[in-house]
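Dear colleague,

Please find the structure below, handed over for your review. My findings follow directly after it.

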Amino acid sequence: MIPSEIRLFYDRYKKGLYNTALRITGNSMDAEEVAQDTIIKYIRFNTEKLSPQQTGVWLHRACVNGAIDRVRRGKALKAMLEQYAEDVNGTDEDPWNDILACEDTQSLMARIKRKIQELPEGYRIVLSLLLFEGYDYAECAAILKVGESSVRSQYLRGKRKLAELVSK
């Protein structure tokens with residue numbers, strides 16, 4: 001790629017990669033670095049063999065992996081997830097029912113996006129992978145290198161905590 005092509009490529013993908021990384025890392029500077037690192041890795045990769053659709057998939061996957069690696073380097077994510085792997089004492093009450101019933105969708109989504117950044121790191125990562133990135137429990141467990149029960153526990157606890165934060 002020549003410099004002008006690199007700039008166009010960067011401009012095309014930077015926002016999506018940044019948003020993906022931000023949901024996982026919870027930190028703007030880390031997200032920006034992960035997005036840039038992902039693009040640099042792609043440019044170094046043999047790009048001739050990938051179609052435009054494959055390029056998007058490759059970038060997204062590399063970005064998710066890069067963001068998770070960045071989080072792992074900063075904290076002992078695995079230890080924290082396993083710490084919360086105990087059985088969940090669930091209730092039949094779903095706090096989201098009250099929240100969804102009394103607010104318009106746009107303001108609710110804006111508030112959820114703000115509040116998700118206040119969640120503990122483990123909750124934020126699991127919720128991001130499951131809800132925003134579309135992974136299932138098994139894929140999420142493989143990415144995070146923990147058991148599926150840990151992922152399910154973090155998801156349920158994170159969902160409950162997010163509902164609590166949003167309802168305040």
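Serine 153 is buried, at 3% relative accessibility, where buried means under 20% relative accessible area, exposed means over 50%, and partly exposed lies in between (1.4 Å probe, protein chains only). This serine is found in helix H9; helices (H or I, at least four residues) and strands (E, at least two) are DSSP runs, numbered from the N terminus. Serine 153 and valine 126 stand 27 residues apart in sequence, and their C-alpha atoms are 9.7 Å apart in space.

Please note that this is a predicted model, in which local features need pLDDT of at least 70 and side-chain atom pairs count only at pLDDT 80 or more, while totals for chains, interfaces and linings use all residues. Residues are numbered from 1 along each chain as its sequence is written, and side-chain values use heavy atoms, with hydrogens and water left out.

Overall composition

The protein has 9 helices and 0 strands, and its elements run α-α-α-α-α-α-α-α-α from the N terminus on. Of the 168 residues in the protein, 38% are buried. The accessible surface comes to about 10,100 Å², and carbon and sulfur atoms account for 50% of that surface; accessible areas come from the Shrake-Rupley method with a 1.4 Å probe, and for residues only the protein chains shown count as cover. Among contacts between residues at least 6 apart in sequence, 71% join residues at least 24 apart, a contact being heavy atoms within 4.5 Å.

In soluble globular proteins, nonpolar side chains tend to be buried together. The largest nonpolar core here has 38 residues, of which Ile24, Leu129 and Leu144 touch the most other members. At least two residues of this core come from each of H1, helix H2 (28-44), helix H3 (52-74), helix H6 (105-116), H7, helix H8 (137-144) and helix H9 (148-167). A nonpolar core is defined as a set of buried Ala, Val, Leu, Ile, Met, Phe, Trp, Tyr and Cys residues joined through side-chain atoms within 4.5 Å.

Two helix pairs

The axes of helix H1 (residues 3-25) and helix H7 (residues 121-132) come within 7 Å and cross at roughly 140°. That angle makes H1 oblique to H7. Axes are lines fitted to C-alpha atoms, for helices over the stretch in contact, and angles run from 0 to 180 degrees between N-to-C directions. Angles under 35 degrees count as roughly parallel, over 145 as roughly antiparallel, 65 to 115 as roughly perpendicular and the rest as oblique. On the H1 side, the contact is made by Arg23, Ile24 and Thr25, and on the H7 side by Arg124, Ile125, Ser128, Leu129 and Phe132. By class, the contact of H1 with H7 has 4 nonpolar, 2 polar and 2 charged residues; Ala, Val, Leu, Ile, Met, Phe, Trp, Tyr, Cys and Pro count as nonpolar, Asp, Glu, Lys and Arg as charged, and the others, Gly among them, as polar.

H8 and H9 pack at an angle of about 105°, with axes 8 Å apart, and are therefore roughly perpendicular to each other. Here Tyr137, Ala138, Cys140 and Ala141 of H8 meet Glu148, Val151, Arg152 and Tyr155 of H9. The classes in this contact of H8 with H9 are 6 nonpolar, no polar and 2 charged residues. Lysine 145 sits in the loop between H8 and H9 and counts as exposed, at 58% relative accessibility. Its phi is near 60°, a positive value in a residue other than glycine.

Leucine 59 lies in helix H3 and is buried, with a relative accessible area of 0%. Leaving aside neighbours within four places in sequence, leucine 59 is in contact with Phe9, Tyr13, Leu17, Thr38 and Tyr42. Leucine 59 and tyrosine 13 are 46 residues apart in sequence, with 8.4 Å between their C-alpha atoms.

Tryptophan 58 is also placed in helix H3, and counts as partly exposed at 24% relative accessibility. Not counting residues up to four places away in sequence, tryptophan 58 touches Thr38, Lys41, Tyr42, Phe45 and Leu50.

Isoleucine 43, in helix H2, is partly exposed, with a relative accessible area of 30%. Isoleucine 43 is 37 residues from isoleucine 6 in sequence and 8.1 Å from it in space, C-alpha to C-alpha.

With kind regards
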